[in-house]
Amino acid sequence: PINALRNLAAGEARTELVFLLDVDFVPSAGLLRELQQQRPALLDTLAASRTALVVPAFEVDAAAPMPRVQSSLSALLRRGAASSFHEAHFRHGHGPTDVARWATASAPYEVAFEEYYEPYIIASRAWLPKYDERFRGYGMNKVQHLRAVAAAGARFVVLPLHFAAAHEHAKSAAWTRTLGPAAHPMHKMRIAALYARFKAEAPPLPPPPPPHT
């Protein structure tokens, strides 16, 4: 019951802001310090508005060292030992973050929400929607929640310089049951039907921000 567990964790948090991140990801060094010391106005914005701060996500070869700063990550990206998370088989999940822009950005920038976008975000518990607990196991559970975040009127703002990274690893048993070669087709059909029902029940998405020029 992954989404029920996420709701339980969020409800037990002792801070106003929460970082919605999978357990196998490692945040870059100094992320919290930078927000507290260099970008306090951004923290104030997160606390006072429906802003979702996107921390870009990357996947690192299992044999490569875990990067802790942007320069180390950039070196891995150049030699093909790291990539934007799930870039090869599910670009929708993190593509709107625009990693090419992030690589040279020095200030936060806003991006438009797109269908199936599922970034890792920092936001205020005061307005974050709960996860839909009908989604159990693998499939659309984070996609559902980020769409609810967008429908709640959130602005998606990407944090420069910092990131979260995870080493590549074997597919989980839940993934294998749902999407693996021996997966029963009813699993995909059930998830697709549930997501369609969720969208039909959800409020419409607000208009996107003006495009970046």
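Me: Which strands does helix α4 lie across?
Reply: This is a predicted model. In it, helix α4, residues 70–78, lies across β4 and β5. Its direction is at about 100 degrees to β5.

Me: And how do β4 and β5 run, parallel or antiparallel?
Reply: They run antiparallel, and three bridges join them. Within this pair, Glu59 stands opposite Ser83 in β5.

Me: What about β4 and β9, parallel or antiparallel?
Reply: Strands β4 (residues 57–60) and β9 (residues 164–167) run parallel, joined by four bridges. Here Phe58 stands opposite Ala165 in β9.

Me: What is the order of the strands in the sheet, then?
Reply: The sheet is open, with four strands in the order β2-β9-β4-β5, and its pairing is mixed.

Me: Why is one side of β2 and of β5 left without a neighbour?
Reply: β2 (26–27) and β5 (82–84) stand at the edges of the sheet, and each has a single partner strand, so one side of each has no neighbour there.

Me: Back to β4: which residues cover its two faces?
Reply: Ala57 and Glu59 are on one side, while Phe58 and Val60 are on the other, and all are buried. In a regular strand, side chains alternate between the two faces of the sheet.

Technical notes
Residues numbered from 1 in each chain as written. Predicted model: local features only at pLDDT ≥ 70, side-chain atom pairs only at ≥ 80, totals over all residues. Heavy atoms only, no water. Pairing = 2+ DSSP bridges. Contact = heavy atoms within 4.5 Å. Axes fitted to C-alpha atoms, helices over the stretch in contact; angles between N-to-C directions. Buried < 20%, exposed > 50% of the residue type's maximum accessible area, 1.4 Å probe, protein only.
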